[in-house]
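Please look over the sequence and the model below before reading on.

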Amino acid sequence: MSLTLGVAACGSGSSATPTTPAGATATATAAAAAQADVPIPDGVTTVPESPAPPLTGCDASLRPTGPLPAAGAMPAGSTMAEIQQRGYLVAGVDEDSYLFGYRNPSADPSAPPLVGFDIDFVQQVATAIFGAPGHVRYKVLTKAERLTALQKGSVDLLADILTVDCQRAQQADFSADYFDAGQRVLVNQASTVQGIGDLAGKKVCAAAGTTSIQTLADPKYRVVPVSAVNWADCLVMLQQGQVDAISTTDLILLGIQSQDPYTKIVGPRFTYERHGLGFPKGKGDFIRFVNAELEQMKANGTWTAIYTHWIGDRLGPVPAPPPAVYQ
C-alpha cells in the first residue's frame, strides 16, 4: 500500500520508561489455549531457511564534488533543479517505525502528519534545495515496497532505516552512511531469553522486505523466522504469545519497546549495519548533493542534535556521526 502526504515541518517524539507489570506470569497451558483463539495479522508468513546476503564492499557512495549550491538556486539541468521546479521533494518513508517515521500524535491540526529521525533528514534535504522546510510530499511505503518504489522512480529519495548491502546496491543507489545500528532481540519483560542464542527453535518476528528477516533465515541462528507486514504486527503477535521475540536493529527495537513498557531489549548486537538514504539509479548528481548536505550536518552539529532528540542515550552514549566512505 502507499499513501501520499504533504507536510510543512518536523515534530518531536516521546518515550515510555520500561516497567515490569504486576501479575505478569501465566501458565503455559493457559497461554497456549488463549493463543489458539487469537487471529494472526494479515500478511504473516513463516520464512524458510536461507543464507543471509553478504554485507561487504557495497557501502561506498559518491563523493561530493564541491560546496552545496545556494538554496533556491539549483544548477540548471540537475535533478535538484527538476525537484525545485516541481515545487516539492517526493520522499518514500514509513509511518510505522516509532522514533524514525510515524504518525504525529499531536491533535494540533497544523502539526505535520509524520515525525521522526528519518523525517528530520528529509526536511534537511528539502531545506537545502528550497531554502525552507515544508516542500515535501511523503509517499508512505511498507518495508517490502521500498526498493520497488526506487526502481520505478516513484520517489526522489527513500528515508526509511534502510541497511545498505550488496543485494540492494544492484537495485538502487545510496547516500553515505547516516547512522549505524546492529540487530538484537526484543522479548516480554517476564522472558528469560538473554539473546539470540536462547531462541533456537522459537518463533522470531521481523518485517518482510528487511535485512532483519533475511538474517533470521540464516540457519546458524536456528530460529523460526516469522515475516510480518510491519513492526506493529510483530508487536501484536509478541503481546498475544504468537511469537517468542522480535528481532531487528536496536534503534528500531527501541521505538517498539517505547510503545510497550512490558518489553525489553536483550543481548548484544549480532550484526553491524550501515544505513543510507536510497535513490533511483542514475541520480548521481542528487546523491552527491545529499552527501554534501550530510557532511555539513555532521560538521555543524545538526546530525548530533537530531540523534540526541530522537534516540538520546537510551542505548548508550550518543555516538559520533558515522564517517562517510566514498568510491
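## Packing, helices, sheet and backbone

I246 touches R184, V185, L186, V204, C205, W231, C234, L235, L238, L253 and I256, leaving aside residues up to four places away in sequence, where contact means heavy atoms within 4.5 Å. This is a predicted model, in which local features need pLDDT of at least 70 and side-chain atom pairs count only at pLDDT 80 or more, while totals for chains, interfaces and linings use all residues. Residues are numbered from 1 along each chain as its sequence is written, and side-chain values use heavy atoms, with hydrogens and water left out.

**Nonpolar cores**

- A nonpolar core is a set of buried Ala, Val, Leu, Ile, Met, Phe, Trp, Tyr and Cys residues joined through side-chain atoms within 4.5 Å, with buried meaning under 20% relative accessible area for a 1.4 Å probe and protein chains only.
- The largest nonpolar core has 76 residues, and those with the most contacts inside it are F117, V122, L157, F179, I246 and F286.
- Helix α3 (residues 117-130) gives this core its largest share, nine residues.
- A second, separate core consists of 11 residues, among them L141, A149, L158 and A172.

**Contact of two helices**

- Helices (H or I, at least four residues) and strands (E, at least two) are DSSP runs, numbered from the N terminus.
- The axes of helix α9 (residues 284-300) and helix α10 (residues 302-310) come within 4 Å and cross at roughly 75°, the axes being lines fitted to C-alpha atoms over the stretch in contact, with angles from 0 to 180 degrees between N-to-C directions.
- That angle makes α9 roughly perpendicular to α10, a term that covers 65 to 115 degrees.
- M297, K298 and N300 of α9 meet T302, W303 and I306 of α10 in this contact.

**Open sheet**

- Three strands form an open sheet with antiparallel pairing, in the order β4-β5-β6, where two strands pair if DSSP finds at least two bridges between them.
- Because β4 (96-97) and β6 (114-115) stand at the edges, each with a single partner strand, one side of each is left without a neighbour in the sheet.
- Two bridges join β4 to the antiparallel strand β5 (residues 101-103), and Y102 in β5 is the bridge partner of D96.

**Positive phi values**

- Most residues other than glycine have a negative phi.
- L99, in the loop between β4 and β5, has a positive phi near 85° and is buried, with a relative accessible area of 1%.
- I161, in the loop between β8 (157-158) and α5 (166-169), has a positive phi near 50° and is buried at a relative accessible area of 6%.

Notes:
Parallel < 35°, antiparallel > 145°, perpendicular 65-115°, else oblique. Buried < 20%, exposed > 50% of the residue type's maximum accessible area, 1.4 Å probe, protein only.
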